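Subject: A structure for you to look through

Hello! I am passing on a structure for you to explore, and my notes come with it. Please open it first and have a look around before you read on.

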Amino acid sequence: MPQRTARKRIMWSSERSALPAAETSSSDAERAEKLGWDLDHWVAQPPDAVISFVVDRLQEQNSRIVIASVEELGRASALRLLIDTEEVQLAGGMVVAETGKPRTAGGIYLKLLRDANDLPG
């Protein structure tokens, strides 16, 4: 059943009007640099390369959410979510409220995606 919900969200999201790709700010670039990677470099890469980069950084086996975030939100927004995810991990991570177990990096990325209210579209 969760797959069905995710699919509906993606379909609904794709029906919205497309917005221009968000530009990166210098503070985002500085945050990424502190994490050891170059935001401006990755924003300029093709979507497939960005997807591979984010999946690798998250050490995530299931790439569907990353693919959807890059395709629907654009590279800059998907990479900003990666920055936020890595900062949460460095700050001690995040736990699942219902179980008290720590979230994986992919789980943090998904939680931040779901809770975001400043994404394009």
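Below is what was found, going from the overall fold to single residues.

First, some ground rules. This is a predicted model, in which local features need pLDDT of at least 70, side-chain atom pairs count only at pLDDT 80 or more, and totals for chains, interfaces and linings use all residues. Residues are numbered from 1 along each chain as its sequence is written, and side-chain values use heavy atoms, with hydrogens and water left out.

The overall fold

The chain has 7 helices and 0 strands. Helices (H or I, at least four residues) and strands (E, at least two) are DSSP runs, numbered from the N terminus. Following the sequence, you will read the pattern α-α-α-α-α-α-α.

How many of the residues are buried? Of the 121 in the chain, 30% count as buried. Here buried means under 20% relative accessible area, exposed means over 50%, and partly exposed is in between (1.4 Å probe, protein chains only). The areas themselves come from the Shrake-Rupley method with a 1.4 Å probe, and for residues only the protein chains shown count as cover.

The nonpolar core

A nonpolar core is a set of buried Ala, Val, Leu, Ile, Met, Phe, Trp, Tyr and Cys residues joined through side-chain atoms within 4.5 Å. The largest one here has 23 residues, and the members that touch the most others are Trp-37, Val-54, Val-66, Leu-79, Leu-82 and Tyr-109. At least two residues of this core come from each of helix H3 (39-43), helix H4 (47-58), helix H5 (64-73), helix H6 (75-90) and helix H7 (105-115). Which helix gives the largest share? That is H4, with 6 residues.

Leu-110, in helix H7, is 44 residues from Val-66 in sequence, with 8.7 Å between their C-alpha atoms. Leu-110 counts as partly exposed because its relative accessibility is 23%. Ile-65 belongs to helix H5, and its C-alpha atom is 9.3 Å from that of Leu-113, 48 residues away along the chain. With a relative accessible area of 25%, Ile-65 is partly exposed too.

Salt bridges

Side chains of opposite charge can pair when their charged atoms come close. A salt bridge is a side-chain nitrogen of Lys or Arg within 4 Å of a carboxyl oxygen of Asp or Glu. By this rule there are 6 salt bridges.

Arg-31 is partly exposed, at 23% relative accessible area. Asp-84 is partly exposed at 29%, and Glu-87 is partly exposed at 29%. Asp-28, Arg-31, Arg-80, Asp-84 and Glu-87 are linked in a network of salt bridges.

Another salt bridge joins the side chains of Glu-86 and Arg-57 (2.7 Å, N to O). Glu-86 is in helix H6 and Arg-57 in helix H4, so the pair ties together parts 29 residues apart in sequence. Is Glu-86 buried or exposed? Glu-86 counts as buried because its relative accessibility is 6%, whereas Arg-57 counts as partly exposed at 30%.

On the surface

Glu-30, Glu-33, Asp-38 and Asp-40 gather in a patch of negative charge on the surface. Patches are made of residues with over 30% relative accessible area and no salt bridge, with like charges joined within 9 Å and nonpolar side chains (Val, Leu, Ile, Met, Phe, Trp, Tyr) within 5 Å. Lys and Arg count as positive and Asp and Glu as negative, while His and the chain ends are not counted. The place of a charge is taken as NZ of Lys, CZ of Arg, CG of Asp or CD of Glu. Glu-33 lies in helix H2 (residues 26-34) and counts as exposed, at 61% relative accessibility.

Finally, look at Gln-59, in the loop between H4 and H5. Its phi is near 55°, a positive value in a residue other than glycine. Gln-59 counts as exposed because its relative accessibility is 73%.

Enjoy exploring!
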